[in-house]
Amino acid sequence: MADFEIPETHEFPVIPTVMEGVMSHSAPFLAKEQFQAPLGFPGNGELIEGWKETFLEKLGEMLGKYRSLQVFMDICVKCGACTDKCHYFLGTGDAKNMPVARQDLLRKVYRRYFTFAGKHFPKLVGAVDLTEEIIDEMYSYYHQCSECRRCSVFCPYGIDTAEVTMAARDILAHVGKGQKYSNEIIGKVHKIGNNLGLPEPALADTLEGLEEEVEEDTGVKVRYPLDEKGADILLVTPSADFFAEPHVDGLIGYGKVFHAAGVSWTVSSKASEAANFGLFIGNYENMREISLRIREAAKELGVKRIIFGECGHAWRVAYSFLNTLAGPWDFLDPNYPVPQHILDFTSDCLDRGILNIDKSENDWMTLTFHDSCNVARASRIGSYPGSQFEIPRKVIKAVCNNFHDMAPETIHDSTFCCGGGGGLLTDDLIELRIKGALPRMEALKNVIEDKGVTHMAAICAICKSQFTKVLPYYGMTMDQIVSVHQLVSSAIILEGQGDEDEAEADTEEAA
Amino acid sequence: MTALSILYVVLFYAAIAVLIGGITNKVLQYKRVPAPLKIPVTPAPMTKGGVAWRLTMEIVLFNSLFRSSKWTWIFGWIFHVALLLAFFRHLRYVVSPDSFLWPIVSLQVVQSFGKYAGFAMVVGLIGLLGRRIFVDRVRYISSPSDYLMLLLIIGIAVSGLMMNYVVRTDIVQLKAFIMGLFLFDWQNLPSDFILLVHLTLVLILSFVFPISKLLHAPGLFFAPTRNQVDNPREVRHLSPWGAELEAKDGRNA
């Protein structure tokens, strides 16, 4: 199945012995000029002329623009608290996948050129000259971080490796070492409007197909509108929701909830993508550019509210950054949070009792829930801290009878990344993705064996795609990952749907 | 005045200047550099009071470290608490008996706790050194400076303890020397070897503070992951350079 070993799962997590360089061969494809230029980056996948000066200049600029980077470069005491917290370290044992060692790749260059100690006593403080080898090492290991922030939770000073990774990737892109996967996708968003490069007619076609499918299934005409001016709600959802499994079942669920709640909504072809890979490459300008499409779409369509579909990093950008990047949102209805999470909306509908739910529809499954890192550690869903953990579970329990959490040290803000986040969801990093999934796979396997769990629900497009891919490597099946709104979709009984079901049942009985 | 005393007077002033100047410089830098985005690690407090509480818990109890590694936590916490107690005990060298602080500083409890804290400090530091040497992960990430820093502070603690239990020094003259520094009325420093070792190591620590990882002390307050309020949807957060970008293209209007 693969030319590397799939890590063994254990009942309890095993902290590997430190090994040097076992993952140094891992690096994603470099972005050629066609993917660099549209984003404002130079080069053709090779270091540009004068790369060293450019690198240091850019690093200096970032230090002056990001307090996080400046502070984090200075204050690490090398206590080791983070060393066993990264899923990529746990899955590979590579020394440089320990968060502090990953940070040090940039920190040792920072020290050499920006600090007194590093300038005068480099050996003493572990400062090194910037060389091509260092650049290659950075390119490799800064693409073995999914920016999941688990290390930051456990750091006594809150040092967030994600901030360092983002800065490093941005600097690397500026010396010609951009990542093909992320940059190509961002290019598509700028040009077409979504990560997949789905043009408007294809999107319209897909949504029409969904309407037909749902009608066939339920007998109810549920609408999946596109570019409908004057709708109340603009739904911004990851483009994977339009066609990938199990994502699309989630989208079907959002539509049913909106239908049952009696609200008008629409998808926009201009902002037909919730994902914002500008976050992954650590580039403010690109992230802002992508966010502004949502502002433009909301204005053009004249909506009153914005709701985001199930997506992890997209929700981080939406919840934490959208107001900064594309606000102010004073033209929207101030009675609703901008933006709102689809689970917040559904949870509210459940509270108000306006959804007709038949939990037994999901009785054939026993669920667990995977907290997606960006939702868990970089955002909130409801009105109080920690609601990002409770609301998804509340919704799942409202539509399913069988639910068990995974081990406490692997959920909530201690959740393990799926292994494919942060711009790593690409086939050229498949070894890393499989190995990085180990801690989550371990926790899942244990709850399957101990509690009879059959399916894991998630609220992130990347998590869903990643698990679909890696579950089989760990002896499970790809359909064991489901969308939360897929569960809602199965359990919800729409008005008019019940009659027909009963009618059907009656005929069956009669026959 | 002896040549030795003059040398130490100069070194003390230099050390104080470097310490205060260096830390001020760094703190001003941390204040000056903007945090362009809201990045608190969540769940995060939704009010400023909540953030103050979060930071207080980190500073007093080392909350996050407790979650990460019980061994590092216990050794680290013991060391820092002992450091604080030793600091209180040392106030007797800089507080004059007619100061309003004297009744507190001279309390038996302050003085004896401060004394025994020296042992706790050494225990904590040796524990941290042990982890650095024996845990392969921590060994891998350690630079020479990381070991030296621990040895430096162990040296300070041990030489301090020695003056209490082995070779006593003339603390009346020592206090006269230190008070003299504040009053610009310089006095002789006792020339006991252990005292000079103790003071020299403290001077080195002060010189190194603003250019080393000891910056974690002020830096802790500036980590946006911990000091930001979780309210990005309610309050628009915009850095000066973010605002400039907006002003340039007007697309947020």
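## Basis of the description

Helices (H or I, at least four residues) and strands (E, at least two) are DSSP runs, numbered from the N terminus. This is a predicted model, in which local features need pLDDT of at least 70 and side-chain atom pairs count only at pLDDT 80 or more, while totals for chains, interfaces and linings use all residues. Residues are numbered from 1 along each chain as its sequence is written, chains are lettered from A and ligands numbered from 1 in the order in which they are written, and side-chain values use heavy atoms, with hydrogens and water left out.

## Chain A: domains and selected residues

The domain assignment, which is automatic or taken from a database, divides chain A into domain 1 (33–178) and domain 2 (187–491). Their C-alpha centres are 30 Å apart. The contact between them (heavy atoms within 4.5 Å) takes 26 residues from domain 1 of chain A and 31 residues from domain 2 of chain A.

Ser26(A) lies in the segment before α1 (33–36) of chain A. Its relative accessibility is 8%, so Ser26(A) counts as buried; buried means under 20% relative accessible area, exposed over 50% and partly exposed in between, with a 1.4 Å probe and protein chains only. Leaving aside residues up to four places away in sequence, Ser26(A) touches Ser140(A), Gln144(A), Leu429(A) and Leu432(A).

## Chain B: overall features and Val229(B)

Chain B has 13 helices and zero strands. The C-alpha trace of chain B spans about 70 × 45 × 40 Å along its principal axes. Of its 253 residues, 48% count as buried. Among the contacts in chain B with a separation of 6 or more, 71% are between residues 24 or more positions apart. Chain B exposes about 12700 Å², of which carbon and sulfur atoms supply 74%; such areas come from the Shrake-Rupley method with a 1.4 Å probe, and for residues only the protein chains shown count as cover.

Val229(B) is found in the loop between α12 (224–227) and α13 (240–249) of chain B. With a relative accessible area of 11%, Val229(B) is buried. Beyond residues up to four places away in sequence, Val229(B) touches Lys38(B), Pro40(B), Pro45(B), Met46(B), Thr47(B), Lys48(B) and Val51(B). The C-alpha atoms of Val229(B) and Ser69(B), which are 160 residues apart along the chain, are separated by 27 Å.

## Backbone geometry

Most residues other than glycine have a negative phi, and most peptide bonds are trans. A cis peptide bond, with omega about 5°, joins Glu245(A) and Pro246(A); Pro246(A) is placed in the loop between β1 (233–236) and α13 (247–261) of chain A. In chain B, the peptide bond from Thr42(B) to Pro43(B) is cis, with omega near 0°, and Pro43(B) sits in the loop between α1 and α2 (48–61).

Glu147(A), a residue other than glycine, has a positive phi near 55°. Glu147(A) lies in the loop between α8 (132–141) and α9 (150–154) of chain A and is buried at 3% relative accessibility. Phe184(B) likewise is not a glycine and has a positive phi of about 55°. Phe184(B) belongs to the loop between α9 (171–183) and α10 of chain B and is exposed, with a relative accessible area of 60%.

## The second largest pocket

On a 1 Å grid over the protein atoms alone, a cavity is a set of points where a 1.4 Å probe fits but cannot get out, and a pocket is an open set with protein on both sides within 12 Å along at least five of seven lines; lining residues have an atom within 4 Å of a point. Grid points are joined across faces, edges and corners, and a volume is the space filled by probe spheres set on the points.

The second largest pocket has a volume of about 670 Å³. Its lining comprises 29 residues, and those closest to its centre are Ala117(A), Val125(A), Val208(B), Ile211(B) and Ser212(B). Elements that each supply at least two lining residues include α5 (99–114) of chain A and α10 (193–208) of chain B. The largest share, five residues, comes from α8(B). By class, the lining has 17 nonpolar, seven polar and five charged residues; Ala, Val, Leu, Ile, Met, Phe, Trp, Tyr, Cys and Pro count as nonpolar, Asp, Glu, Lys and Arg as charged, and the others, Gly among them, as polar.

## The largest cavity

The structure holds eight cavities of 30 Å³ or more, and the largest cavity contains about 200 Å³ of space. Of its 19 lining residues, Tyr66(A), Glu163(A), Met166(A), Gly282(A) and Leu37(B) lie nearest its centre. In the lining of the largest cavity, 13 residues are nonpolar, four polar and two charged. α10(A) gives the most to this lining, with three residues, and domain 1 and domain 2 of chain A each contribute at least three residues.
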